Amino acid sequence: MSVDFSTKPQSEFIGGAFAYFFRQLAVAIGSAVTLGLLSPILICWQRRWVASHTYIDGRQQVFDGKASDIFGKYILWLLLSYITLGIYMFWFTVKMQRWLTEHTHFADGAATDDSSHFDGTVLGYFGRSLLVGVVIYITLGFGAFWGVCYMQRWSASNTVIDGKRLKFDGGGLELFGQYLIWMLLTIVTLGIFSFWLPAKVLRWTVSRTQIDKYVP
């Protein structure tokens, strides 16, 4: 019997659409009702579930972060964001991404405290966010698909999981085509398909994310 050596491990998110939708909803409502105080617990709860259902090149992820480890910092970052009228949100976003990445590992590997990290900078995030905002404005919103992929490519290239740097190769035109299909299905089903939409976006994003074998 011949063996097909052309096949390779896939990147995929296998979580259920309804489970993902309602978890996202629970995080949003719980955070809003408690003015952000419950956010660390909800974020860790959601992240742990997403990681356990995410495979990058066939390798399952795990998340071992605890809300108690980030609670104090999270509240401080939140207060600074309020005090600065949202300006500190750029730091908040990058700092949160760093902490989440540090606690994300591959289930089949021996993780160490510093084996996973995010090395993107606040300046890099700010500059790219500004560029994406300008592009979206001058293209009357159509540039959003390019912007999503542009930011995801930057995020992945600065993410290292257990010593393995990631990469994202999704394109804006492809995402635009996917959105047209998803929006058509949402209209045809009178909005029912919207429950599947968040999971569809995540599945597409994960499917275009791999381990970069050429960049340490």
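Arg165 is buried, with a relative accessible area of 14%. Keep in mind that this is a predicted model.

What does Arg165 pair with? It forms a salt bridge with Asp119, and the closest N and O atoms are 3.0 Å apart. Arg165 sits in strand E7, residues 164-168, while Asp119 is in the loop between strand E5 and helix H5, so the pair ties together parts 46 residues apart in sequence. Asp119 is partly exposed, at 31%.

A search of the whole structure finds four salt bridges. I will cover two others.

One is between Lys213 and Asp57, with the closest N and O atoms 3.4 Å apart. Lys213 lies in the segment after strand E8 and Asp57 in the loop between strands E2 and E3, so this pair joins parts that are 156 residues apart in sequence. Lys213 counts as exposed at 65% relative accessibility, whereas Asp57 counts as buried at 14%.

The other is Glu174 with Arg208, at 2.1 Å, N to O. Glu174 belongs to helix H7, residues 172-188, and Arg208 to the loop between helix H8 and E8, so parts 34 residues apart in sequence are tied together. Glu174 is partly exposed at 29%, and Arg208 is partly exposed at 21%.

Now the surface. Phe18, Phe22, Leu25, Ile29, Val33, Ile192 and Trp196 form a nonpolar patch with about 660 Å² of accessible area together. Phe22 is in helix H1, residues 17-33, and is partly exposed at 43%.

Last, helix H4, residues 89-102. Its 14 residues should span 20 Å at 1.5 Å a residue, and the end C-alpha atoms are 20 Å apart, which agrees. Its buried residues are Phe92, Val94, Met96, Trp99, Leu100 and Thr101.

Terms used
Residues numbered from 1 in each chain as written. Predicted model: local features only at pLDDT ≥ 70, side-chain atom pairs only at ≥ 80, totals over all residues. Heavy atoms only, no water. Helix = DSSP H or I, 4+ residues; strand = E, 2+ residues; numbered from the N terminus. Expected span 1.5 Å × (residues − 1). Buried < 20%, exposed > 50% of the residue type's maximum accessible area, 1.4 Å probe, protein only. Patch = residues over 30% accessible without salt bridge, like charges linked within 9 Å, V, L, I, M, F, W, Y side chains within 5 Å. Areas by Shrake-Rupley, 256 points an atom, 1.4 Å probe, with all protein chains shown as cover. Salt bridge = Lys/Arg side-chain N within 4 Å of Asp/Glu carboxyl O.
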